[in-house]
Every structure is written in C-alpha cells, then in structure tokens.
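Student: I'd like to go through this one with you and ask where the labels come from. Can we put it up first?

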Amino acid sequence: MKTPEYVGFGMLTAVTIMTVDRFPRHNTGAMVKEVKEFVFDDAAIIACCLRQWGVETGMIGTAVGDDPRGHALAQQLKTRGVQAQVRFTNAYETPLEVDVSDRRGARTYFWQRHPDMLATLDTADLSLLEGARLMYVDWYDGEEHILRAMDRAKELDIPVFLNLEHGHKDLSLLKRYASRTSICQVVTDAAQLGGNRALMLTARKLLNAGIQTAIITLAKEGCLVARGQEIVRVHAPKVRAVDACGAGATFSSGFAYGLLQGWGIEHAARFATAAASLKVTRAGLEMFSLDEIHALAERLKVEYLTFKDNQFHKLSQLISARPKSLVDRSRDLVKQAGESLKPRAETRTHPRRKPQGK
C-alpha cells in the first residue's frame with residue numbers, strides 16, 4: 001500500500017443529499033429530483049476528490065457508530081481507495097446529515113451528531129501522517145481537538161492546510177493557528193458576501209499573522225489567493241447550480257491538488273475555482289475529469305495584484321484567458337496527471353518535503 005500524499009484529519013459523517021426545484025413552504029412538501037449518499041465532512045470529501053484525480057489519500061477521523069450506517073461509511077472510504085482505519089463505538093450512533101438543495105444552489109441542512117464525537121479525535125492514531133505531503137484540518141472540529149495533529153504535522157515538516165472560514169475574526173485564535181499553518185482558507189464573513197475591500201483586508205490580516213498562503217473564497221464570486229507579494233483574483237464562471245453541498249471542499253481539493261503537483265498559486269487557484277464551479281452543477285461526490293476542469297480553468301478571468309509596503313497594488317487589468325505559454329504548460333500538466341492515473345510497475349516512496357510552488 002502506497003503512502004498517502006494527502007491526509008485529512010476530522011469528522012466522519014454520513015450525508016444524504018436531496019435536490020428539489022424549490023424549497024417548499026412550511027408544512028408543505030416538494031418532489032425530490034435526486035438523492036445521493038456519501039461520506040462527509042470536508043476532510044473526507046477532499047480525500048475522496050483527490051483520489052478520483054489519482055492522488056493517494058488517507059483519512060484520520062472520528063469514531064463512527066458500530067451500526068449499519070457506520071460500516072457502510074467505512075466501506076465507502078475503502079471502495080473509493082481512501083486509506084483509513086475507521087474506529088467503531090457503541091457510545092453513539094453514526095452521525096447523519098441531510099441536505100436539501102434547490103435549483104438556485106441554496107441548501108438547507110439538518111444534522112445529528114453526538115457531543116462526544118469530536119473527543120474521539122484525541123485518541124486517533126496519527127501514524128498515517130508519516131510520509132505525507134499535506135494535511136488538512138477544519139477549525140470547526142475544535143481547537144482542543146485539532147492542535148495535536150497540527151503539531152505532529154509540524155514535527156514531520158508536513159504543510160498544514162487549515163480551513164478557518166470566518167474564524168479569522170478572532171485575532172487571538174488566528175495567531176495561535178498561524179504558527180502551525182502553511183495554507184489557510186477563509187471567508188470574509190459567514191455568508192461570503194464581502195466586497196473587494198473585505199477581501200484585501202482579510203488577505204492582509206492573514207499575511208501579517210504569518211500565514212504563507214492565504215485563500216479567501218467568495219462562493220459564486222470566485223476567490224483571492226495571496227502568497228508573499230503575489231496575489232491573484234480569480235472570478236468564477238456563471239453556471240447552473242444544482243447542488244452547492246461540498247463546493248467549498250471541492251475548491252480545497254482543487255487547490256490541494258495544485259500544491260501537490262507543484263503549481264504556482266494562479267494555476268492552483270484557477271483549477272480550484274473551476275473544479276468547485278463544475279461541482280455545483282450536479283449532486284454527489286463524482287468529480288469532473290482533469291481535462292474538463294483544466295478546459296474551464298483556462299478561460300477564467302483573473303486580476304493580478306501585489307502586496308508591498310502593507311498595501312495592495314493592481315498590476316494589470318482583468319484578463320479573460322491565460323497567455324498561450326501558460327496554456328501549453330497547463331496542457332502538459334494535464335497529460336502528466338493523466339499518466340499518474342495509470343497503474344505503475346514500481347512503488348514510489350513520497351519524500352517528506354513541502355509541495356513546490358510554496
């Protein structure tokens with residue numbers, strides 16, 4: 001068994017996604033158009049996404065109930081090729097989330113989770129991290145539960161990808177996480193509704209805190225990614241939304257994929273934005289192919305900025321496509337990624353090094 005390049009650390013939940021044309025009024029009903037069931041939350045979604053793109057992945061998760069739902073969840077991870085030692089408990093039932101998405105891309109969710117679930121992260125075996133090249137954690141799993149894994153990753157010189165969402169508003173929390181985090185993904189506010197000023201202020205806050213790569217997502221408006229003095233603003237395309245559940249995790253998957261391929265932030269941000277945009281056009285966890293994602297990524301509109309003297313400066317006006325040399329490079333990388341999906345005769349050992357392009 002190959003060493004995982006990516007390891008997710010966090011909750012394991014079963015989820016059922018239902019899509020409807022529109023959410024019904026209170027005390028009425030609606031016809032369900034489609035039902036999908038898969039593994040949740042974000043760390044596990046990312047593991048499943050990356051595996052579909054040919055990346056070896058692993059998952060260190062919370063214990064699930066020793067019940068049919070829990071065993072089905074463990075089997076899903078195995079079937080998808082995600083390495084995980086799923087633990088079972090009789091202390092609670094396997095957590096469940098039910099999401100209802102409408103054709104506008106909005107979703108309403110209901111979830112049932114035992115309060116003792118997150119505490120099982122404290123006893124999870126971290127040996128799967130050894131040899132990994134990237135670890136992902138979510139702030140909503142609780143600082144008291146994720147710091148142990150973050151500190152272990154730092155000991156092993158493994159970059160940590162933290163989803164902090166709007167938690168950056170707590171400056172003391174941001175400071176504690178910054179020393180342990182290489183890549184930090186956030187939103188301007190809980191609803192991802194911030195404008196350009198909010199984007200810039202949030203990016204500057206993260207960079208000043210010591211974050212190496214700052215990612216600010218704006219849902220259907222795209223993202224801004226900053227590293228050092230380099231900043232790119234990628235605009236998402238207009239798509240017909242069917243199911244927005246997992247879009248943020250798909251974005252994280254795309255950016256993580258770029259890091260593991262050694263891409264720069266523009267290429268990774270384009271790919272991540274394209275992957276997330278395509279994901280919302282259908283329900284479930286089945287990813288679009290690398291070729292389809294790259295084809296869309298090449299057409300996205302991008303602005304280039306720089307961060308100097310504690311200020312942001314625009315380097316160019318909006319452009320709608322990558323220069324031809326970059327397009328050619330992108331296609332070469334698609335070919336390389338396609339080759340990685342083919343069986344290999346020998347087993348490759350992954351070095352303990354940070355992804356290139358950081």
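Student: What pLDDT does the protein chain average?

Tutor: The chain averages a pLDDT of 87, and 85% of the residues score at least 70. pLDDT is the predictor's confidence in each residue, from 0 to 100. This is a predicted model, so local features need pLDDT of at least 70 and side-chain atom pairs count only at pLDDT 80 or more, while totals for chains, interfaces and linings use all residues. Residues are numbered from 1 along each chain as its sequence is written, and side-chain values use heavy atoms, with hydrogens and water left out.

Student: Where does pLDDT stay under 50?

Tutor: Over residues 323-358, for which the model has 55 contacts beyond four places in sequence. A contact means heavy atoms within 4.5 Å. Where pLDDT is low, the predicted coordinates should not be read in detail.

Student: What makes residues 68-79 a helix, α2?

Tutor: Helices are DSSP runs of H or I with at least four residues (strands are E, at least two), numbered from the N terminus. Helix α2 has 12 residues. From first C-alpha to last, α2 reaches 16 Å, close to the 16 Å expected at 1.5 Å a residue; that expected span is 1.5 Å times one less than the number of residues.

Student: Which residues of α2 are buried?

Tutor: Gly-70, Leu-73, Ala-74 and Leu-77. Buried means under 20% relative accessible area, exposed over 50%, and partly exposed in between (1.4 Å probe, protein chains only).

Student: Why do you say the buried residues of α2 line one face?

Tutor: Seen down the axis of α2, they fall within an arc of 95°, so they line one face of the helix. The arc is taken over the directions from the helix axis to the C-beta atoms. The face turned away from the buried side of α2 carries the exposed residues Pro-68, Lys-78 and Thr-79.

Student: What do the buried residues of α2 pack against?

Tutor: Their partners are β2 (13-19), β3 (34-40), α1 (42-52), β5 (64-65) and β6 (88-89).

Student: Which residues of α4 are buried?

Tutor: In α4 (residues 171-178), Leu-173, Leu-174, Tyr-177 and Ala-178 are buried. Down the axis of α4 these fall within an arc of 130°, so they line one face too. Leu-171 and Lys-175 are exposed on the face turned away from the buried side of α4. The buried residues of α4 pack against α3 (143-155), β10 (160-165) and α5 (196-209).
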